[in-house]
Amino acid sequence: MKNIPLKLLLLALCLAVALSCCAPQPPAQSNAAPSPAVSAQAPAESASPSPEAEDARLQYARQFTITPQEDGSTLLSVENGSRYLVVPEGQEAPGNVEDGVVVIQQPLDHVYLTATAAMCFFEALDGGEAVRFSGSRQEDWSVAYAREAMERGDMVFAGKYREPDYELLLSEGCRLSVQSTMIDRLPEVKEKLQELGIPVLVDRSSFEEHPLGRSEWVKFYGVLLGREAEAQALFEEQVRLLDQVAALPETGHSAAYFYFTAEGQPVTRPAGDYIGEMLRLAGVENLLAHVKGQGKSAAVTMEMEDFYTAAREADFLIYNGDMSGQLEDMEQLIALNPLMADFKAVKEGNVWCCRQEMFQATLEMGVVIQDFHTIFSGEGDAPQYLYHLEGRAGQ
């Protein structure tokens, strides 16, 4: 070794180190399953996404996902665990459908609809003819198409959600029942429909936290009806309206949303509810935003003293005209509870009432937000879903 030059020894040592670094290393766990992080990087089409996961096709909705399949069908997954494979017209359903997945063959027809908030989607997508059976009577509909369809006989009353007319549904070949979340309180009815071969789809648009999440359910029905492009355009219009309002300065006003029970007790919406979010988006301070609800309840009954303290100085009062009936004038409001005469908004004539149509206009949450901003700012066209209470302002 002493006859070998030092430079050659150093060169050989460096070469050996370099070769050892470049050599391929065996995996540490060659027989182990892929880690969750690796699995999560797989293409979305390779596996059905969980309903809780964000869907790139959705902007605000979190209660469902849409997963196109390689064969052209589409999987709709709802947050409650239900899954529906929508198969295009003229195409056979795949033979390897997983257990629990309901196959819906297009074109969709003979639907039993008890979720009244979903009727606007069928109407807007020109798919109203798919609804043959109604869970509401003609006089209870605020959607014009539904009233007219029942008058023509194109849509018939098949019993309310709690008491379906099973014989009628079977005799006319009902293919799908679209229910509101109220059906979850009557599992025996849901099970009976399923036993008879009528799949149940629970519309969970009312559980969306963002108002436009509700409107985005138009995409869900767009898939059912094979009108995805039309659904996208309808939703984008609501986003455009919201963006218009968002670009405007806040109004600097405050508001309170409520209605009275027959006993004169005030009822409002709980903190985090979509109505309160619409007020915020419309640029006002919601003076009842602190009111907490219980569970998924959409209504909170307040003590009159608490309501008086919180809302007496509100610049605007918004009365829910759906639950206890629409008011005709300010005197009728004061008759419900004489203490209302002390409220600032009553004295200044800034009391508005929601039209019943607003609560079946799930698609048009952007319009409603713009309506709210219009009354708070005093600018814009006349609101579509709100009307002003005339009466004894200042008295």
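Me: What should I know about the source of the numbers?
Reply: The model is predicted, so local features need pLDDT of at least 70 and side-chain atom pairs count only at pLDDT 80 or more, while totals for chains, interfaces and linings use all residues. Residues are numbered from 1 along each chain as its sequence is written, and side-chain values use heavy atoms, with hydrogens and water left out.

Me: How many helices and strands are in the chain?
Reply: The chain has 14 helices and 16 strands, taken as DSSP runs (helices H or I, at least four residues; strands E, at least two) numbered from the N terminus.

Me: Which residues of α11 are buried?
Reply: In helix α11 (residues 304–311) they are Met 304, Phe 307, Ala 310 and Ala 311. Buried means under 20% relative accessible area, exposed over 50%, partly exposed in between (1.4 Å probe, protein chains only).

Me: Why do they line one face of the helix?
Reply: Down the axis of α11 they fall within an arc of 135°, so they line one face; the arc is that of the directions from the helix axis to the C-beta atoms.

Me: And which are exposed on the other side of α11?
Reply: Glu 305 and Thr 309.

Me: What covers the buried residues of α11?
Reply: The cover includes β10 (253–260), β11 (266–268) and β14 (316–319). Contact means heavy atoms within 4.5 Å.

Me: New topic: what share of the chain is buried?
Reply: Buried residues are 46% of the 395.
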